[in-house]
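Welcome! Keep the structure open as you read.

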Amino acid sequence: MCGIVGYVGPREATPILLAGLKRLEYRGYDSAGVALLNGNGVEVTKRPGKIRVLEEAIDAAPSSATCGIAHTRWATHGEPNEPNAHPHTSPDGDIALVHNGIIENSDVLKAQLISEGYDFRSDTDTEVVVHLIDYLWQDGEPLEEAVAAALRQIEGAYGIAVVSSRDPNKIVVARHGSPLLIGVGQDGEMLAGSDAAAVIERTRDVVYLDDGDYAVLTPDGYRTYHLEGHEVDRGVHEVTWDLDSIEKGGYEHFMLKEIFEQPSSIADVMRGRLLEDDGDARLGGIQAHQFDLGRVQRIVITACGTSWHAGLVGEYMLEDLAGIPVSVEYASEFRYRNPVLEDGTLALAISQSGETADTLAALKEAEQRGLKTMGIVNAVGSTIARQTDFGVYLHAGPEIGVASTKAFTSQLVALALVTLYLGRRRGMSAVQGHEIVQHLQALPGQIEEVLKLNDELEDLARSYKDAQNFLYLGRGYQFPVALEGALKLKEVSYIHAEGYPAAEMKHGPIALIDEDMPVVVLAPRDPIYQKVVSNIEEVKARAGRIIAVVSDDAPELQGKVDHMIKVPHTLPHLLPVLTTIPLQLLAYHVAVMRGADVDQPRNLAKSVTVE
């Protein structure tokens, strides 16, 4: 959701903190701020808007401080203005704190603190935390004791970093439900970040905090504790991707770069996992759990947003090819009803970040019901990856653009691998498995062919950039692609768009179709192709402007559609990987032509770590 960076060490903190913030700006960009221990107290600078506005303010008053914390915000409590920007400080300015998450009992705590004489200058829940630390801090105690005492009274989600001039050259960090990690640097450098992008320029060695952990960072190293009071050992992990992965690499936007990375990201998902001779998949993350998987009678997929769309494709795959009943649940709704979860049900969570709050909550509900849990995530070391019983990593590399592109197609391929693995153990023949493996291996090259349509899609975008509404239609495996295509356009261009099953068009949306309504129809050659042709005829009869995504020359559609986008053909359950990419490019080009910030769309954050 928001971004946190911390640094303590021998070097000037300001440039390190600002560099970390810039790498986290995709997590929040309503406002930003820094707090530095300058030897004479805590110096706070914060501004609404982008990080460059903060940087200009800091340049006007440089500091040589070697310890500080910084934050880039995505507003949850209070509008994005300077008083609500982080860091927040205690009344005397001696304590500064940055926070990701939501404090659910903030109103109660705020009332108590006001009765004790505390004044509040912001509309945020975060200010409650820094005042509570100040209120509970006993003379002679180290900062971490006051922080731990305050956190024991807090209900809700948080990732925090705290500094104080009363206990200088130290950062205290803590997490519960909102990600936070420690970066272990060289030569007395310690860092903190809400994800590895914040620290990767200084170190690849990170420590992932668990819920209920807090840690003390000094130039001498770090120590981790649980809120119950005992010291814990969380261990050091190596980040496997490099700095180039979070640079634009010559592309105008991260979104475009990540769209064009899909041949390699898809290849990376499959690397070492396909057994061509056996027509099978080798998935190390689930190999040791064959007994549990053999007992699975039903799968409940839980996810949010784009990952939910991937889950819908996974539902079709797993039922069609592995013969397993599947239901796909919005994670945000799952635990607020009473789902029927029989013995033999597997809960499968899908999340790019591995930190999505609703998906984590759904997982916890499944665990409490006694279910085995599995994750498909991109971020190594993320909470979902650590909380689930087993799972599959995407290995797609960092995704910086807020609107997911390469992670979505990587999720589709990971689901195809899981389907192949389970199918081969549930009656799928070696011949069919071999056919699937061959078509999976062909995908990276086919994606490169689709990306050659970029100029054509840019021209197409020019024709439709001023549209007010779009309709996306698909059937079978292509229905989730229609949902995802509509979501991409909404996210980055702010054009209203809806995805529908093509046959449902007659049950309402057909009333919207006229000569001003662009209709994108997913019409690759698959078992229900002729049904989609009939739906196109219905749109054409009402003067709709039709953009068809096809997988051959589609002679039946010649003269019936306004534009035809041709992708290579593959197996029906793999076609979504190819048909979704033109929709990503169309959304991208329309958004750029409308002057939208495609990497940081308004009101959106990359990882939703609060409910």
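## A glutamine and its neighbours

Let us begin with one side chain and its surroundings. Leaving aside residues up to four places away in sequence, Gln478 touches Leu522, Pro524, Asp526, Leu575, Pro576 and Thr579, where contact means heavy atoms within 4.5 Å. Gln478 counts as buried because its relative accessibility is 1%. Here, buried means under 20% relative accessible area, exposed means over 50%, and partly exposed is in between (1.4 Å probe, protein chains only).

A word on what you are looking at: this is a predicted model, in which local features need pLDDT of at least 70 and side-chain atom pairs count only at pLDDT 80 or more, while totals for chains, interfaces and linings use all residues. Residues are numbered from 1 along each chain as its sequence is written, and side-chain values use heavy atoms, with hydrogens and water left out.

Gln478 belongs to helix α17. Helices (H or I, at least four residues) and strands (E, at least two) are DSSP runs, numbered from the N terminus. Two packed helices are described by the angle between their axes and the distance between the axes. For α17 (residues 478-493) and α19 (residues 575-593), the angle is about 20° and the axes are 9 Å apart. That makes α17 roughly parallel to α19. Axes are lines fitted to C-alpha atoms, for helices over the stretch in contact, and angles run from 0 to 180 degrees between N-to-C directions. Angles under 35 degrees count as roughly parallel, over 145 as roughly antiparallel, 65 to 115 as roughly perpendicular and the rest as oblique.

Which residues of α17 and α19 meet? Among them are Gln478, Val481 and Leu489 in α17, and Leu575, Thr579 and Leu583 in α19. Sorted by class, the contact of α17 with α19 has 10 nonpolar, 5 polar and 2 charged residues. In this sorting, Ala, Val, Leu, Ile, Met, Phe, Trp, Tyr, Cys and Pro are nonpolar, Asp, Glu, Lys and Arg are charged, and the others, Gly among them, are polar.

## Helices α14 and α15

A second pair is α14 and α15 (residues 430-451), packed at an angle of about 165° with axes 10 Å apart. These two helices, α14 and α15, are therefore roughly antiparallel to each other. Their meeting residues include Val413 and Leu417 in α14, and Ile436 and Leu440 in α15. The contact of α14 with α15 divides into 9 nonpolar, 1 polar and 1 charged residues.

## The nonpolar cores

In soluble globular proteins, nonpolar side chains tend to be buried together. A nonpolar core is a set of buried Ala, Val, Leu, Ile, Met, Phe, Trp, Tyr and Cys residues joined through side-chain atoms within 4.5 Å. The largest one has 93 residues, and Ile299, Ile376, Leu422, Leu440, Phe470 and Tyr472 touch the most other members. Helix α14 (residues 406-424) provides the largest share of this core, 11 residues. A second, separate core of 30 residues includes Leu143, Val147, Ala174 and Leu227.

Most residues other than glycine have a negative phi, and most peptide bonds are trans. Where is the cis peptide bond? A cis bond joins His86 and Pro87, with omega about 5°, and Pro87 sits in the loop between β4 (67-73) and β5 (88-89).

Tyr494 is not a glycine, yet its phi is positive, about 70°. Tyr494 lies in the loop between α17 and β24 (496-501), and is partly exposed with a relative accessible area of 28%.
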